[in-house]
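Q: Please take a close look at the aromatic rings of this protein, and describe them in one connected account.

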Amino acid sequence: MNKHFALSLRSAGTLALTAVALAAFASTAMAAKIKIISSDAPGVGFNDPTPVDPVGGNPGTTLGAQRLFVYETVAHKWENNLPDGPTIKVDASWPALSCTDTSGVLGAAGAQSVWRDFPGAPFPGTWYSGALANTLAGEDLDEGTDVEIVSFFNVNLGQPGCLTGGGFYLGVDNQVPLGQTNFAVVLLHELGHGLGFQALTDGQTGARIDDGTGSYPAQWERFMLDGTTGKTWFDMSDTERTASARNGRKLVWSGAHVNAAVPAVLKAGTPLLSVSSNRFPDVAGDYQVGPASFGAPLTAGAVKGEIARVIDQADGVTGLACDPFSATNTSAVAGRIALVDRGACTFATKVKNAQDAGAIGVIVADNVAGSPPASLGGADPAVIIPSVRITQADGATLKTSLSGPVDGPTRVKGRLGVDKAVRAGADAAGRAMLFTPDPYQPGSSVSHWDTLATRNQLMEPSINLDLKQKIAPPQDLTLPLLKDIGW
């Protein structure tokens, strides 16, 4: 029998943080057991005695009791969907995390340790997160002396100076008040990381975990397939993995369980901007987009029209579209798709101003480098036209053919719609895409699904407001991925 090796990740500092972006498999006959171990000080976190009223199916009458009730409810959901095995011990605490009045860290969780070459390991020389390794081995490899998952959540969320007024909703009924964050969903997401939804291999450097005897691949690498090179991370060099981690919407998951579930979970129709021009052939082609969370959704019945660039009178260069349009800009965009610039005001404000000027759709060009384009967040029920975001580089490409407000044909036509042959969040072969932004985002890149996924997925890098407490098909791909890696 091979000697098994372990490495603590807490000391290695590889826990993934989830930052605020605002941001069916049947149960087995026997269930896993999750043990919550509080490391809070007296009066803090789970021990907070502040009186509260029961809310949303949570009977707790103190703040600490309500937090613990949500934790136990979510733990039971995971227990009922995982195979029987040694108890999974979770360290849980409520420290003060990085926060401002407008943004902050909700919390984090991840594997406390990784293991290789243990009894029952499917592959030799391969790292597995602690909870999965114990289950595969059928024994507690650390002999009960340590926890398998470390988790912590922002105790100050919603307090003055920390997303003021936008605290955690501690009900378990998914009836979340506007401005609050569903703690049950956040916790479900973070425990998913701790159970193994975590790449382990460093995407920023491409380096594998080295325990002093050598570096070894993680189980995730076998299923991370780059659509450009045709290689999995298992077969790549450090340099190739680094490039793949920033290869926007080209890195997919190739596991059989996820592949089988994609047709039931992800909706047909990937968002797309198609541009054509006889006069400017260099701008023609399909552009990656980030769809808006407001206004008309992109559909197969695409919005088609000429593209017109907005130029604000203030500087004569950018088209921020934060104010009602001038007569010149109104004439330019009426009956056309407006190209505007990101910055200075909300996306919904820009689109509403363009709509009021008669635009039939809006393209927002990013003002910072990076890809793929993120979605347009916001809300305004008065907006009824579609809108998308494109990268700064793609915006610059379009602007080369659109010098400014025009009164007449622009010779550049756009189509805002979807490609029904491709599922939103998957490649043309039906494989779910991993999140690979450029620049690399530590704690988010490669350890989440791409933000284009529709339905929205639990394990995207941001917590979407429409998420429920679901981890399995037909709503979610989390459980299929965990099954791919060995659960």
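**The aromatic rings**

A: The charged end of Arg116 lies over the ring of Trp127, at 5.5 Å from the ring centre; a charge sits over a ring if NZ of Lys or CZ of Arg is within 6 Å of the ring centre and within 35 degrees of the ring normal. The model is predicted, so local features need pLDDT of at least 70 and side-chain atom pairs count only at pLDDT 80 or more, while totals for chains, interfaces and linings use all residues. Residues are numbered from 1 along each chain as its sequence is written, and side-chain values use heavy atoms, without hydrogens and water.

There are 14 aromatic pairs, counting rings of Phe, Tyr and Trp (its six-membered ring) whose centres lie within 6.5 Å, with planes under 30 degrees apart called stacked, over 60 edge-to-face and the rest tilted. One of them joins Trp127 and Tyr216 edge-to-face, with 6.2 Å from centre to centre and 90° between the planes. Because Trp127 is in the loop between β6 (113–116) and β7 (128–129) and Tyr216 is in strand β12 (residues 215–216), this pair ties together parts 89 residues apart in sequence; helices (H or I, at least four residues) and strands (E, at least two) are DSSP runs numbered from the N terminus. Trp127 is buried, its relative accessible area being 1%, where buried means under 20%, exposed over 50% and partly exposed in between (1.4 Å probe, protein chains only).

Phe168 and Phe183 form a tilted pair, 5.0 Å centre to centre with 55° between the planes. This pair links strand β9 (residues 168–169), which holds Phe168, with helix α3 (residues 183–195), which holds Phe183, 15 residues apart, and both Phe168 and Phe183 are buried. Phe168 and Phe183 also belong to a cluster that ring pairs build with Phe46, Tyr71, Trp94 and Phe153. Over the ring of Trp94 sits the charged end of Arg67, 4.4 Å from the ring centre.
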